[in-house]
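Dear colleague,

I am passing on the structure we spoke about, and below it you will find my notes on what came out of it. Please read them with the model open beside you.

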Amino acid sequence: MIIRDYRPGDFPQIEALWKETGIYRSERGDSPEVILQCNAQEGKFLILEDEINKRIIGTSWLTWDGRRLMMQYFAVLPSQQGLGYGRKLAIESMAYARNKGASIKLEVHHDNIPAIELYRGLGFKILEGYEVYLVYHDV
Ligand SMILES: CC(C)(COP(=O)(O)OP(=O)(O)OC[C@H]1O[C@@H](n2cnc3c(N)ncnc32)[C@H](O)[C@@H]1OP(=O)(O)O)[C@@H](O)C(=O)NCCC(=O)NCCS
């Protein structure tokens, strides 16, 4: 398994992976153009790939808002979960942040025990007392 940077041709496989792992939301409007735009603004999109058959098995998208990194679309294909790949991808994402001197923020559903255990095990701490709000354009 290798971890490499996103390439434009990756998107169809990535979208399929997001759907398979249940993290895809069409209303977010994420697309190859948005990924390239975020990467041009000091973001990082990491791909975990089986280098033998060129299959993408994991993604970690770090976007930069000028102050800190947000880690989004963090996922590993269900057939490859529980094998240490999520930890590997998270550690690589954290190394990018460390080299940049930036903190990482992320959102995770409180029922998502595998992800919470992974993040906590790597030192992420909950921001107690906060709720997350969002508004889309059609309001
Ligand atoms: C969260 C996710 C990326 C973990 O990837 P993974 O490759 O299965 O994780 P790893 O095998 O590297 O496990 C690392 C740690 O995660 C935790 N973990 C993984 N699966 C777990 C499970 N089923 N139950 C509890 N903890 C679990 C453990 O702390 C584990 O460390 P350990 O092996 O020392 O116990 C994966 O479950 C996933 O893609 N889920 C669907 C998408 C998703 O919800 N992403 C998070 C969005 S915020």
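For the counts that follow, Ala, Val, Leu, Ile, Met, Phe, Trp, Tyr, Cys and Pro are taken as nonpolar, Asp, Glu, Lys and Arg as charged, and the others, Gly among them, as polar. On that basis, the residues of the shell around the ligand divide into 11 nonpolar, 7 polar and 2 charged. Please keep in mind throughout that this is a predicted model.

The ligand

The ligand is surrounded by 20 residues, and the closest of them are Gln 81, Gly 86, Arg 87, Pro 114 and Leu 118. Strand E4 and helices H3 and H4 are the elements that give two or more residues to this shell, and H4 gives the most, with 6 residues.

The nonpolar core

The largest nonpolar core has 20 residues, and within it Phe 45 and Ala 75 have the most contacts. At least two core residues come from each of helix H1 (11-20), helix H2 (32-40), strand E2 (44-50), strand E3 (55-64), strand E4 (69-76) and helix H3 (85-100), with E4 giving the most, 6 residues. Not counting residues up to four places away in sequence, Phe 45 touches Asp 5, Tyr 6, Ile 35, Asn 39 and Trp 61.

Trp 61 lies in strand E3 and counts as buried, because it has 25 C-beta neighbours inside 10 Å, where 20 or more are required. Leaving aside its neighbours within four places in sequence, Trp 61 is in contact with Phe 45, Gln 72 and Tyr 73. Trp 61 and Ala 75 are 14 residues apart along the chain, and their C-alpha atoms are separated by 9.7 Å.

Helix H3

Which residues of H3 are buried? They include Gly 86, Leu 89, Ala 90 and Ser 93, and since the buried residues of H3 fall within an arc of 100° when seen down its axis, they line one face of the helix. On the other side of H3, Ile 91, Ala 95, Arg 98 and Asn 99 are exposed. What covers the buried residues of H3 includes strand E1 (2-5), E2, E3, E4 and helix H4 (113-121). After H3 comes Gly 101, whose phi is positive, near 75°.

The segment after H4

Leu 122 is placed in the segment after H4, and it is partly exposed, with 14 other C-beta atoms within 10 Å. Leaving aside its neighbours within four places in sequence, Leu 122 is in contact with Ala 90 and Met 94. Although Leu 122 and Ala 90 are 32 residues apart in sequence, they are 8.2 Å apart in space, C-alpha to C-alpha.

Tyr 130 is also found in the segment after H4, and it counts as exposed, because it has 7 C-beta neighbours inside 10 Å, where exposed means 12 or fewer. Tyr 130 and Ile 47 are 83 residues apart in sequence and 30 Å apart in space, C-alpha to C-alpha.

Loops and backbone angles

Glu 42, in the loop between H2 and E2, has a positive phi near 65°, and with 14 C-beta neighbours inside 10 Å it counts as partly exposed. Lys 54, in the loop between E2 and E3, has a positive phi of about 60° although it is not a glycine, and with 8 C-beta neighbours inside 10 Å it counts as exposed.

His 110 is placed in the loop between strand E5 (104-105) and H4, and with 7 C-beta neighbours inside 10 Å it counts as exposed. The C-alpha atoms of His 110 and Thr 63, which are 47 residues apart along the chain, are separated by 22 Å.

With best wishes

Definitions and conventions:
Residues numbered from 1 in each chain as written. Predicted model: local features only at pLDDT ≥ 70, side-chain atom pairs only at ≥ 80, totals over all residues. Core = buried A, V, L, I, M, F, W, Y, C linked by C-beta atoms within 7 Å. Helix = DSSP H or I, 4+ residues; strand = E, 2+ residues; numbered from the N terminus. Contact = placed C-beta atoms within 7 Å. Arc of directions from axis to C-beta. Near = placed C-beta within 6 Å.
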